[in-house]
Structures are given as structure tokens and as C-alpha cells.
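Please look over this protein chain and report on its structure. Keep it brief and organised by topic.

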Amino acid sequence: MPSGDTSSSPPTLRRVAAEAGFGPGTRFTPEVQDALALILLEEAGLTAFRAGRLDRRGFMARLARIWAGLPLPNGRSYYEGLAGNRATMSWQSFEAGIARIWPAG
């Protein structure tokens, strides 16, 4: 995270940064971003998805509730229109990307 006051940072960022043990002086490096993303992936059900207890579509819908740029099956963001949010890809592109990362097997 950028050094200095984090009071204006979004609540999710503050929460996951604290959970990861990152303080206001932590630099927002790619490694820090990856660590924060892993926390959010777990909250979306990554472990359950990888274990087969959560299907791909359900996992994708949970991801879309975390990252506003990801679509729901209807192609719209879960946060469509809120603060200018919209899906930045189609459901089909999202599904193809997830399949490349985690092929069915």
C-alpha cells in the first residue's frame, strides 16, 4: 500500500491488507497485490472450487461479486452502474480465461 494515511482507501483494501499483516507503510508492490488477491480468491471459494465442492459457474459468480470488472452470466457487472462500474469482458471471455487457469479435469 502507498505509504501514508490509508483512511481514504476502500474498506475491502483496508480489511485484506490488515488480514495479510500489511500496514500503512507497506509498498503496494506486485507481490503485495498478489497476496491481497489470494485472500480475496479464498473468500470467493478457491479451495472449494479446486476441491470440486463449488462448480466453475458458482466460483465465477463469486469472483464477480469481488471484482466489479468481471461479469455475471448476464454479461453485466454485479456492481453495474455503481460509481461507473461495468463488466470489462463478456461472460464467455471470463469463462475461457478461468478454464485456461483451471482446466476441467
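Is E19 buried or exposed? E19 is exposed, with a relative accessible area of 52%. Here buried means under 20% relative accessible area, exposed means over 50%, and partly exposed lies in between (1.4 Å probe, protein chains only).

## Basis of the model

This is a predicted model, in which local features need pLDDT of at least 70, side-chain atom pairs count only at pLDDT 80 or more, and totals for chains, interfaces and linings use all residues. Residues are numbered from 1 along each chain as its sequence is written, and side-chain values use heavy atoms, with hydrogens and water left out.

## Overall fold

The protein chain has 5 helices and 0 strands. Its pattern along the sequence is α-α-α-α-α. Helices (H or I, at least four residues) and strands (E, at least two) are DSSP runs, numbered from the N terminus.

The C-alpha trace spans about 45 × 35 × 20 Å along its principal axes. Of the 105 residues in the chain, 31% are buried. Take the contacts with a separation of 6 or more: residues 24 or more positions apart account for 31% of them. Contact means heavy atoms within 4.5 Å.

## Salt bridges

A search of the whole structure finds 2 salt bridges. The term covers a side-chain nitrogen of Lys or Arg within 4 Å of a carboxyl oxygen of Asp or Glu. Side chains of opposite charge can pair when their charged atoms come close.

R15 is partly exposed, with a relative accessible area of 38%.

R15 also forms a salt bridge with E43, where the closest N and O atoms are 2.6 Å apart. This pair links distant parts of the chain: R15 sits in helix 1 and E43 in helix 2, 28 residues apart. E43 is partly exposed, at 39% relative accessible area. Through shared partners, the salt bridges join R15, E19 and E43 into one network.

## Nonpolar cores

The largest nonpolar core has 16 residues. Those with the most contacts inside it are L46, F49, F59, L63, F94, I98 and W102. Helix 3 (46-50), helix 4 (56-66) and helix 5 (91-101) each give two or more residues to this core. Helix 4 supplies the largest share, 4 residues. A nonpolar core is a set of buried Ala, Val, Leu, Ile, Met, Phe, Trp, Tyr and Cys residues joined through side-chain atoms within 4.5 Å.

What does L46 contact, leaving aside its neighbours within four places in sequence? Its partners are L41, F59 and W102.

## Largest pocket

The largest pocket holds about 310 Å³ of space. Its lining has 14 residues, with T12, L13, L40, I66 and W67 nearest the centre. Helix 1 (11-20) and helix 2 (30-43) are the elements that give two or more residues to the lining. By type, the lining divides into 10 nonpolar, 2 polar and 2 charged residues.

A pocket is an open set of points on a 1 Å grid over the protein atoms alone, where a 1.4 Å probe fits, with protein on both sides within 12 Å along at least five of seven lines; lining residues have an atom within 4 Å of a point. Grid points are joined across faces, edges and corners, and the volume is the space filled by probe spheres set on the points. Ala, Val, Leu, Ile, Met, Phe, Trp, Tyr, Cys and Pro count as nonpolar, Asp, Glu, Lys and Arg as charged, and the others, Gly among them, as polar.

## Individual positions

L72 lies in the loop between helix 4 and helix 5. L72 is buried, with a relative accessible area of 17%. Beyond its neighbours within four places in sequence, L72 is in contact with A61, A64, S77, Y78 and W91. The C-alpha atoms of L72 and A61 are separated by 5.8 Å, and the two residues are 11 apart along the chain.

Q92 is in helix 5. Q92 is exposed, at 57% relative accessible area. E42 belongs to helix 2, and E42 is partly exposed at 40%.
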